[in-house]
Each structure stands twice: as C-alpha cells, then as structure tokens.
Amino acid sequence: MGAMSIVKINVLTVPEEQRETLEKRFAARAGAVEGSDGFEWFELLRPVDGTDRYLVYTRWRTEEDFQKWMSGRGQAAHGGGAGGAGEGGDRPKPAATDATLWTFEVVQSTGPKED
C-alpha cells in the first residue's frame, strides 16, 4: 500500500459578528489552492452546534506538497500585489481571533459503494 495522504485542519475561532467576513474572504479566494501539486481536497466547515470554531479542512498527497503550497502562498499573499507603497497598514484584520493547525495522517478512507 502506498503512502497515506496528510490532512491539515486549521481550527479558527471566529466571533459571531466576523463569520460573514470570514466566509466572504474564503469565497473570494476560492480556487487559490486547487491547482497546487499534491492538493486533494478542501472544505470550509461552519459550526452549527454553538461552538465558535470553524474548521478549514485540506487534504494533501504529502506533507512536502502542503509545505510547498504554504511557502508559495505566503510569498503571493505578501508580495505587494496590486497595492502600492504605503498600503501596508490597511490590510484587513483577521476574522479569526485564534488559529490552531492540526495535522493528521489518513489511515483509512472510504466512499459510498458503487452500484
């Protein structure tokens, strides 16, 4: 059996009034990850049971693929995009008040049986 995928779950604590902002930001950059080498799956999970924690679920072929995407994304996000000089202070503050990254190895995976 080949190597198992790696799952990254980013746990974001998001106050009620920031939820819409968070979701809009994710929607605005939808597609940013799909072309990355080794990327397998993405889901943004909204809490419905009274907790204020969103889960950002991504699955990758390997840890290296994830790290490559992270380093590339960091450069793209902070590489002085369309804005000119002097705009550094205007970056919107994060919608999440706290973020924790969990890493898991996929030990077993299944889907619906085909007819």
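Which residues do ring pairs link into a cluster? They are Phe39, Trp60, Phe66 and Trp69. Here are some notes to go with the structure, which is a predicted model.

1. Let's start with the overall fold. The chain has four strands and two helices, and along the sequence they follow the pattern β-α-β-β-α-β. Of contacts between residues at least 6 apart in sequence, 73% join residues at least 24 apart.

2. Of the 115 residues, 24% count as buried.

3. Back to the rings. The structure holds six aromatic pairs. One of them, phenylalanine 39 with tryptophan 60, is edge-to-face, with 5.5 Å centre to centre and 70° between the planes. This pair links distant parts of the chain: phenylalanine 39 belongs to strand S2 (residues 39-45) and tryptophan 60 to strand S3 (residues 53-60), 21 residues apart. Both phenylalanine 39 and tryptophan 60 are buried.

4. Serine 5 counts as buried because its relative accessibility is 14%, and the cut-off for buried is under 20%. Its side chain makes a polar contact of 2.7 Å with the side chain of glutamate 40. Leaving aside residues up to four places away in sequence, serine 5 touches Glu40, Arg59, Trp60, Arg61, Phe104, Glu105 and Val106.

Conventions. Residues are numbered from 1 along each chain as its sequence is written. This is a predicted model: local features need pLDDT of at least 70, side-chain atom pairs count only at pLDDT 80 or more; totals for chains, interfaces and linings use all residues. Side-chain values use heavy atoms; hydrogens and water are left out. Buried means under 20% relative accessible area, exposed over 50%, partly exposed in between (1.4 Å probe, protein chains only). A polar contact is a pair of N or O atoms within 3.5 Å; within protein, one must be able to donate a hydrogen and the other to accept it, and residues adjacent in sequence count only if both atoms are side-chain atoms. Contact means heavy atoms within 4.5 Å. Rings of Phe, Tyr and Trp (its six-membered ring) pair if their centres lie within 6.5 Å; planes under 30 degrees apart count as stacked, over 60 as edge-to-face and the rest as tilted.
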